[in-house]
Amino acid sequence: MATGLGHRFPGTSWLFSGLDLDLRPGEVTGLCGPSGCGKSTLMSVLAGWSPPVEGTVRSEGVRRTGWIFQNPHGVPGRTALDHVALPLLARGHARGDAQERALAAMADFHLGGLASRPYRELSGGEAQRLMLARALCSAPDLLLVDEPTAQLDLRTARSVNASLGRVAAEGAIVVVATHDPGTRRACTRIVDLEEYA
Ligand SMILES: Nc1ncnc2c1ncn2[C@@H]1O[C@H](COP(=O)(O)OP(=O)(O)OP(=O)(O)O)[C@@H](O)[C@H]1O
């Protein structure tokens with residue numbers, strides 16, 4: 001999917017260079033390396049948001065890209081269920097069907113009891129899991145996830161890590177930036193950006 005990638009910002013040294021990535025549907029690729037080494041930057045290059053300074057990203061087969069941020073943002077007054085059902089409604093599902101699918105995805109992430117809660121009342125971990133439930137319903141071809149367990153307790157982190165594989169099993173290419181050994185274990189492969197510095 002990416003060949004000879006290299007990126008730097010004007011006036012700074014290379015963050016990474018000579019990076020080849022063969023990303024496949026069904027796999028979870030973990031991006032590791034110290035803070036500031038360029039994990040988020042690489043994800044933004046893979047998403048097509050920032051053109052790489054060197055190399056090419058081929059995105060055939062990637063029609064829908066999802067991004068889950070480290071501190072997810074939702075619409076404060078809309079319910080948790082609205083957030084998960086919206087992408088289904090946007091894809092043409094009838095309201096009842098969209099809500100049923102959204103509730104099933106939320107139950108998978110232990111969010112079943114929070115369906116009618118406004119987003120502003122969710123904890124950080126609940127919001128993170130809500131975004132993963134939404135990603136599952138959005139059926140992205142490429143899902144980029146930035147440090148999903150950074151603010152979660154161990155039990156919730158385990159369920160989030162397991163769910164990365166579930167999104168991949170639905171046919172997505174999943175790329176996750178992480179410092180968490182638990183998330184590393186959930187990955188099909190690890191790319192250590194320090195090796196490309
Ligand atoms: N638009 C920009 N202009 C200049 N420098 C930038 C820009 N965006 C990021 N950087 C710098 O590029 C480096 C890599 O940032 P990036 O966010 O990709 O690192 P990271 O590996 O994801 O870090 P962390 O683990 O802390 O999230 C950092 O030194 C950052 O300050």
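Predicted model: local features only at pLDDT ≥ 70, side-chain atom pairs only at ≥ 80, totals over all residues.
Helix α4 is largely enclosed by the rest of the structure, because 11 of its 15 residues are buried. The buried set in α4 consists of Q128, R129, L130, M131, L132, A133, R134, A135, L136, C137 and S138. These buried residues pack against β5, α2 (80-90), α3 (95-108), β6 and α5. As for its geometry, α4 covers residues 124-138 and spans 21 Å from first C-alpha to last, close to the 21 Å expected at 1.5 Å a residue.

Helix α2 has its own buried set, made up of A80, L81, H83, V84, A85, P87 and L88. Their cover includes α3 and α4. Just past the end of α2, G92 has a positive phi too, at about 100°.

Next comes the open sheet, which has five strands in the order β5-β6-β7-β3-β8, paired in parallel. Its edges are β5 (65-68) and β8 (189-192); each has a single partner strand, so one side of each is left without a neighbour in the sheet. On average, and with direction ignored, neighbouring strands here are turned by 20° against each other. Within the sheet, β3 (residues 28-32) and β7 (residues 173-177) run parallel and are joined by four bridges. One point to look at in this pair is T29, which stands opposite V175 in β7. Helix α1 packs on the sheet, where it touches β3, β6 (142-146) and β7, and its direction makes about 155° with that of β7. Helix α5 (residues 154-169) also lies across β3, β6 and β7, and runs at about 155° to β7.

Helix α1 turns up again at the ligand. The residues around the ligand are F9, L15, S35, G36, C37, G38, K39, S40, T41 and A177. Of the elements involved, α1 (residues 39-46) gives the most to this shell, with three residues. Sorted by class, the shell has four nonpolar residues, five polar ones and one charged one.

Some strand pairing is antiparallel. Strands β1 (residues 2-7) and β2 (residues 16-21) pair in that sense over three bridges, and H7 has F16 in β2 as its bridge partner. Strand β1 is also joined to β4 (residues 54-57), again antiparallel and by three bridges. In that pairing, T3 has T56 in β4 as its bridge partner.

H110 has a positive phi near 55° without being a glycine, and is found in the loop between α3 and α4. It has 14 C-beta neighbours inside 10 Å, so H110 counts as partly exposed. E147, likewise not a glycine, has a positive phi of about 45°. This residue sits in the loop between β6 and α5.

Technical notes: Residues numbered from 1 in each chain as written. Near = placed C-beta within 6 Å. Helix = DSSP H or I, 4+ residues; strand = E, 2+ residues; numbered from the N terminus. Nonpolar A, V, L, I, M, F, W, Y, C, P; charged D, E, K, R; others polar. Pairing = 2+ DSSP bridges. Axes fitted to C-alpha atoms, helices over the stretch in contact; angles between N-to-C directions. Contact = placed C-beta atoms within 7 Å. Expected span 1.5 Å × (residues − 1). Buried ≥ 20, exposed ≤ 12 C-beta atoms within 10 Å, placed from the backbone.
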